[in-house]
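Here's a quick walk through the fold and its charged contacts. Have the 3D view open while you read.

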Amino acid sequence: MANQDFPGWHGTTIIGVRKGGKVVIAGDGQVSLGQTVIKGTARKVRRLTPGGQDVIAGFAGSTADAFTLLERLEKKLEATPGQLARASVELAKDWRTDKYLQKLEAMLIVSDGSDLFVITGAGDVLEPEHDIAAIGSGGNYALAAGRAMMNLDMDAEDIARQAMAIAADICVYTNGNLTVETISAAEKA
């Protein structure tokens with residue numbers, strides 16, 4: 001079957017919000033194949049604890065590919081304890097240059113409570129402006145909604161949840177079954 005004939009997997013919105021000394025990463029649970037919802041309760045946000053350090057990560061894209069990348073990120077974090085930026089750059093370099101990893105189709109949002117990064121297969125490690133990042137099919141909706149709420153009297157989790165609710169109302173590949181992980185800068189120490 002040619003790739004253009006395959007309906008494609010869709011169905012992820014992941015948002016990361018940094019506010020008030022905390023970072024929240026939230027993701028919906030929908031996985032779709034073409035016009036069909038395959039699963040509504042997928043868990044696309046995870047807490048990683050390589051070498052005892054706490055990192056939260058959310059992924060969009062192929063689940064198997066994302067798990068491969070998360071395993072690689074854990075190894076990079078074990079090699080560079082407490083240095084999420086360095087581990088993220090090392091992962092992005094490998095992802096861009098390794099022939100096997102180049103075929104992986106996923107994106108990651110990661111945080112250790114202080115830093116917040118989007119990591120892509122194009123070799124990007126992006127620290128978002130305005131302390132908010134979003135990826136996936138409903139990412140632009142969640143990003144716009146979240147940015148509109150950043151100056152309101154809301155904490156990071158409330159912003160993430162409200163932005164995800166808005167994205168779920170707009171994007172047919174996003175649902176309201178959320179997984180939410182929170183980490184504070186204090187946990188990094």
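Let's begin with a 4-stranded open sheet, ordered β11-β2-β3-β12 and paired antiparallel. β11 and β12 (179–184) sit at its edges with a single partner strand each, so one side of each has no neighbour in the sheet. From one strand to the next the twist averages 10°.

A word on provenance: this is a predicted model, where local features need pLDDT of at least 70, side-chain atom pairs count only at pLDDT 80 or more, and totals for chains, interfaces and linings use all residues. Residues are numbered from 1 along each chain as its sequence is written, and side-chain values use heavy atoms, with hydrogens and water left out.

Two strands count as paired if DSSP finds at least two bridges between them. Angles run from 0 to 180 degrees between N-to-C directions, with axes fitted to C-alpha atoms, for helices over the stretch in contact; contact itself means heavy atoms within 4.5 Å.

Strand β2 (residues 13–19) is joined to β11 by 5 bridges, antiparallel. The hairpin of β2 and β3 has 2 residues between the strands, and G20 takes a positive phi near 60° in it.

How many residues of β2 are buried? The count is 6 of the 7, so β2 is largely enclosed by the rest of the structure. Buried means under 20% relative accessible area, exposed means over 50%, and partly exposed is in between (1.4 Å probe, protein chains only). Strand β11 (residues 132–136) has 4 of its 5 residues buried, so it too is largely enclosed by the rest of the structure.

Helix α3 (residues 139–149) lies across β2 and β11, at about 165° to β11. α4 packs on the sheet and touches β2, β3 (22–27), β11 and β12, its direction making about 155° with that of β2.

Helix α4 spans residues 156–170 and includes I170. I170 is partly exposed, at a relative accessible area of 48%. Together with Y141 and I166, I170 makes a nonpolar surface patch of about 260 Å². Such patches take residues with over 30% relative accessible area and no salt bridge, joining nonpolar side chains (Val, Leu, Ile, Met, Phe, Trp, Tyr) within 5 Å and like charges within 9 Å; the areas come from the Shrake-Rupley method with a 1.4 Å probe, and for residues only the protein chains shown count as cover.

**The β6-to-β10 sheet**

Another open sheet has 5 strands in the order β6-β7-β8-β9-β10, with antiparallel pairing. Its edge strands, β6 (45–48) and β10 (125–126), each pair on one side only. β6 and β7 (residues 55–61) pair antiparallel over 4 bridges, and L48 has V55 in β7 as its bridge partner. Helix α1 (residues 63–79) packs on this sheet, touching β6, β7 and β8 (106–111), at about 150° to the direction of β7. Helix α2 (residues 84–97) packs there as well, against β7, β8, β9 (116–119) and β10, and its direction makes about 5° with that of β9.

**Salt bridges**

The structure holds 9 salt bridges, each being a side-chain nitrogen of Lys or Arg within 4 Å of a carboxyl oxygen of Asp or Glu. Here are some of them.

| Pair | N to O distance |
|---|---|
| D131 and R18 | 2.7 Å |
| D54 and R47 | 2.9 Å |
| R161 and E157 | 2.8 Å |

D131 is in the loop between β10 and β11 while R18 is in strand β2, so this pair ties together parts that are 113 residues apart in sequence. R18 is buried at 15% relative accessibility, whereas D131 is partly exposed at 30%.

D54 is buried, with a relative accessible area of 18%, and R47 is partly exposed at 29%. Both belong to a salt-bridge network that links R43, R47, D54 and E181.

R161 and E157 are 4 residues apart in helix α4, which means about one helical turn separates them. R161 is partly exposed at 36% relative accessibility, and E157 is partly exposed at 28%.
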